[in-house]
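I opened my notebook to look up a few things in a new structure. Here is what I went through, page by page.

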Amino acid sequence: MVTDLMDKLTHIFGQGLSNSFYPVPQQAIGVGSAFEGWSPCAEDVVYRVLVPLSPPPGHAFHLELDTAGMPQRNFCVRVQLLCTCTREQLGENMLCFLHHPEEELKRKQDPSLVHTLCTGSYLDVEKTVHWFYRFVRVAWLLLPQSCHWRLMLQPSSRSCKFQLSKDKESFMVEMIFGVRQGDSDIFVGSQPTEVGIPSTTWLETYAVAEAKFFRHISRKAPHDSWHCKCLQLLTRILMGVGFSSYTLKTVVMHLLNTVPLTRWRRRDFRQRLEDILKYIHCSLETKRLNHFIIGNERFPMEISLPSDFRVAEPLNLFQHLASNPDAHTKARHEYIHLLHR
């Protein structure tokens, strides 16, 4: 239902904004635990989708890396105006933003993206989200789902969140916006992050590549594979313990890449749980947990990555433990707490 809803929203976008110069939403991509098959709690599940944005006619997106953002790489999306005089000569109904007088542009054409959703010449996350919220309010009335479901928009500055409810049914959808890096499955996204980050900052996200990895595994694994149940169970147990679900997901992805898929059946359940806990323990002792995608030469070739990703220096997700003895001691105590559970 979420996929169908997003397809219909994208279609209405295409019709309603065909003559404007806002970003062009592409088909939404399901990401996160709900689409990967291991949501820890059915009642609180959030269906996250990443909506790729393409530049409108006469515009181009250029990603500029903010090197101060490591280990989470940050980017700015610079919006460049392009000459469209040739398109005008071919009879297309569009004036060139670069070579037509400003007064004529104001009279005859909608403003460029630089003048609507940018701060300076950079695409602004918060302005983009606010614009999309306004559109969803209007577009919802045109959708067949509006006859049976009630839409409640949830406040958020870096993503578009809404709840759909009908009788006793209810579920939450979160739309994150992204700009693709080249033709790869790596994006820079608007996902929420720590307070104080500039609204022109977009964070590198691996969510699409990770979701494709889980689909890749599901195609190759036996139909009775329990790899998602392992992840689901341990994530439930982890609630209230200091380890993040992303840490656990990273460990399971590493093991799925090394333990044969025929050994993830129900009869192997206990052994795989022990493998996951041993992997976490070893990572704690060495203060090192490699990112699953960056620097992983064994990552499936069918999933497209930027050219330097597979040979890059592996990113250590436990770097904070190596540089902070107190954090390391706390993490070891949390691991013992996890074992007791």
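**Entry 1: a salt bridge across the chain**

I began with Lys-212, which is partly exposed because its relative accessible area is 31%; buried means under 20% relative accessible area, exposed over 50%, and partly exposed in between (1.4 Å probe, protein chains only). This is a predicted model, where local features need pLDDT of at least 70, side-chain atom pairs count only at pLDDT 80 or more, and totals for chains, interfaces and linings use all residues. Residues are numbered from 1 along each chain as its sequence is written, and side-chain values use heavy atoms, with hydrogens and water left out.

Helices (H or I, at least four residues) and strands (E, at least two) are DSSP runs, numbered from the N terminus. Asp-185 counts as buried because its relative accessible area is 5%.

I searched the whole structure and noted 16 salt bridges. In one of them, Asp-275 and Arg-272 meet at 2.7 Å, N to O. Both sit in helix H9 (residues 269-286), three residues apart, about one turn of the helix. Asp-275 is buried, with a relative accessible area of 17%, and Arg-272 counts as buried at 8%.

I also looked at Lys-8 and Asp-4, whose side chains meet at 2.8 Å, N to O. They lie four residues apart in helix H1 (residues 2-16), about one turn of the helix. Lys-8 is partly exposed at 29% relative accessibility, and Asp-4 is partly exposed at 35%.

**Entry 2: the largest pocket**

How big is the volume of the largest pocket? I wrote down about 800 Å³. Of the 30 residues that line this pocket, the closest to its centre are Gln-191, Thr-205, Ala-207, Glu-210 and Tyr-246. A pocket is an open set of points on a 1 Å grid over the protein atoms alone, where a 1.4 Å probe fits, with protein on both sides within 12 Å along at least five of seven lines; lining residues have an atom within 4 Å of a point. Grid points are joined across faces, edges and corners, and the volume is the space filled by probe spheres set on the points.

The largest pocket lies between domain 1 (1-205) and domain 2 (221-340), because both give residues to its lining; the domain bounds come from an automatic or database domain assignment. I finished with Glu-210, which is linked with Glu-36 and Lys-249 in a network of salt bridges.

Terms used:
Salt bridge = Lys/Arg side-chain N within 4 Å of Asp/Glu carboxyl O.
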